[in-house]
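I have the model open and am noting what I look up, one topic at a time.

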Amino acid sequence: MINRSKSYPYILVTPAILFLMIVTLYPTLYSLYLAMTRTRMGIMEFVGFRNYRIALMSTEFWQSMRNSLIFTSFYVLLTIVIGYGIALLLNRGMRLTGLYMTIIFLPWVLSEITTGVVWRWMFYQDYGILQNLLGPLFGGYKFISRPEGAMGIVIAATVWRSISFAMLLLLAGLQTVPKEVHEAAAMDGADGWKSFWKITWPLTLPTTIVTIVFMTIQAVNGVGMILSITEGGPGRATEVLGLLMYRQAMQFYNFGYAAALSVTLLILNFILAAFYIRGLNRETALAG
Amino acid sequence: MRGKKLSILIAVLLMATLVLSACQPAAVEEPVAEPPVVEEPAVVEEPAVVEEPPVVEEPEVVEEPEEVEDPGVLRFWGFYDLTNEEDGRAVQMKANIDAFEAETGITVQYEQVAWDVMAMNVSVAAVAGGDLPDLIMSGYEYIQGMVNAGALMDIYDEIAVADFYSDLNEFEKNLNESGGMRYAVGTFVGGGQWYYDTEIYPDGFPETQEGWATECERLSAEDKYVATFYAGRAEAAMTQGLAPLVWSLGERLFDEEGVPQFDSDAVVQAIEFWREMYNNGCVPEVAFTGDWSATEAPFEDRSAGAYRGGTWSYIFVTGLQERFEAGTVAIGNPPALTGGDQGWVFMNVENFAVTSRAENVENAIKFIEFFMNPANLAPWANSNFGVPARASAMEDPVFESKFYDDTLANLTRNGQGTETSPYYNETMNSLSATVQDLVLNSNLDIRSGLESLQQEMILLYFD
């Protein structure tokens, strides 16, 4: 009886695992193989690590890595800071919290492409509403036409869309902090800042770390917003690694090279996932 | 206990259903794996659900029944939405398809695929082992890329014996034939054209770098631009914009074997010219950072004195045809860089190509032959404002107009350029991104940027 009940969970999850293996493991293994090939005149030939060598020698690759680093750093920092701030406000339990959360969550439910197209139009060189409002303040600066401006726009758009999700995760973490601890601290004379720094921040740190890692994974893999706003331009100013991979595969039919770039992304994601899981375990341990 | 067992059984059945429903026949991510659109083309009398087996039709008009009783089908990917009655090209394509079906009894299964993703869809389908149609449309610059992907069929033998072969113009043959092979058939020829406002340039459009600088000074005082053109992050910007400047100096972007030579003095000079025009406000910023329609706007609102388009510009530039017919817009000569003696225009050919996995090759060839009949080709070329690839088709009265007279004069008095490379699309797209970086950022060294790009292109494609 005991043995049969022990095997049931495995029986139940086997179909799902099989399905996952088919849709994730096979494509991953095929990508690893594809990364060691190149196709010429429809004929695929094995080239070993040549594609990786080319990537390491390519200024385009390193520029996309640099762009990914800049984009990810600012995106994560702004999303966490702003998301945390909003979560702190909403955690006060003020009136109409539900309404505020609904409004704040609206950007998240919009598709990436829709959001990107709207932001692109808002910064359209001659007729964009935000371009016309902000441009004169910066001496007629055309944001979407300049490398720094374009990067700023994609960061702003992606942060705008993702704040709500980060806020949700962080709010969940804040709500695990017992109110009695704050009350006790208040009775001992701790002001708002000290209460936050000594109580709230340490207790929500595991959640914050998990959120940071989660948003970082999103940023590293995110292509849709950048594609719809700037398509990686002007020049290569906003071409992140994911976008470079997409262009190499879909525009240039360089499937082998694109697969090599995807493996690079995979390694980055593995590293980030390791941090994520470690942070999750830490959070679980603390909750226990 | 029994209830628990029943619940477990139901859960297992549900999961199995999910797994089975998620499993699909080998289909690629690209939409090409789906059966060609059946529900849209108006020509389908019956719901043509079948993908592979030929549809058994009842040919109503079969004056010359082919050797087979069942004429079969033709799966055709084209650029145009055949339901769009406002697009002359779509209307003409539909008319030609209808006439072909009526004459041969062959059912054309048409699917629209946009011109800028046609080559991608076809190539990805070819490499991934997905379904390919029998016949596609393509601009010449994408042909070699599809050949590289193994997507196209060599049809030299079939075309060389066609009635129209001897009537094809030399430009089409030079482009589409090489080493005894032919992967496409050109239907019409188009080319780059500079349209200029005759009131802004009463003495004609400037044809030299120095002329541009002089006019820039004059027009800047009136808050106008010398010209507008598309020089954005796309292969077409390089083909239509940068290449003619390089050719004006007697240089090429590719050598005889199609290997890029992007780090030449001519390319450096061309980019320096563009950078100077950009920094001095002689051309609008959108020329380098906007999309196609954004670059047309300054010419439409007359803030730019000229527009670099092509023979097809009537279709896209609002008011251009009216202004040309009224005489307020004329076709000018392209500029030559300092040291060059003549401006150049790029030439383009729109083609039909048979795919490597075509199941109805004979029907595809029949369609091409039908299309190349002057009676069908002339209206088709005219709907695109192009010059037919068959000389005899030019005798059609539709080509008797000032537009065609001036167009032919433009295409013949200036240098006519075209280049090919096995990796034309890939290398030119990469070049466009680099050029955009170099034009917008004056701190970057042009030569070293081009040398770096050149090395990468060699490594990626030619090593």
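Leaving aside its neighbours within four places in sequence, which residues is A:Y75 in contact with? I find four names on that list: A:I155, A:T158, A:V159 and A:A219. I note here that this is a predicted model.

**Entry: A:Y75.** I placed the residue first: A:Y75 sits in helix α3 of chain A, which covers residues 59-90. I then looked up its burial. With 24 other C-beta atoms within 10 Å, A:Y75 passes the cut-off of 20 or more, so I record A:Y75 as buried. A:M215 is 140 residues from A:Y75 along the chain, yet the two C-alpha atoms are 8.3 Å apart.

**Entry: chain B against chain A.** I looked up how many residues take part in this contact and got 33 residues from chain B and 33 residues from chain A.

**Entry: two helices of chain B.** I looked at helix α2 (residues 88-104) and helix α14 (residues 361-371) of chain B. I have their packing angle as about 120° and their axes as 11 Å apart. The crossing of α2(B) past α14(B) is right-handed. From α2(B), the contact uses B:N96, B:F100, B:E103 and B:T104. From α14(B), I list B:K366, B:F367, B:F370 and B:F371. By class, I have four nonpolar, two polar and two charged residues in this contact.

**Entry: domains of chain B.** I have chain B divided into domain 1 (66-189 + 349-403) and domain 2 (190-347 + 415-462). How far apart do the C-alpha centres of domain 1 and domain 2 of chain B lie? I get 29 Å. The contact between them draws 14 residues from domain 1 of chain B and 17 residues from domain 2 of chain B. On the domain 1 side, α4, α6 (170-176) and β6 (185-197) of chain B each supply at least two residues. The most come from α4(B), with three residues. By class, I count this domain 1 side as eight nonpolar, five polar and one charged.

Note on methods:
Residues numbered from 1 in each chain as written. Chains lettered and ligands numbered in written order. Predicted model: local features only at pLDDT ≥ 70, side-chain atom pairs only at ≥ 80, totals over all residues. Contact = placed C-beta atoms within 7 Å. Axes fitted to C-alpha atoms, helices over the stretch in contact; angles between N-to-C directions. Helix = DSSP H or I, 4+ residues; strand = E, 2+ residues; numbered from the N terminus. Left-handed = near helix turned anticlockwise from the far one by under 90°. Nonpolar A, V, L, I, M, F, W, Y, C, P; charged D, E, K, R; others polar. Domains from an automatic or database assignment. Buried ≥ 20, exposed ≤ 12 C-beta atoms within 10 Å, placed from the backbone.
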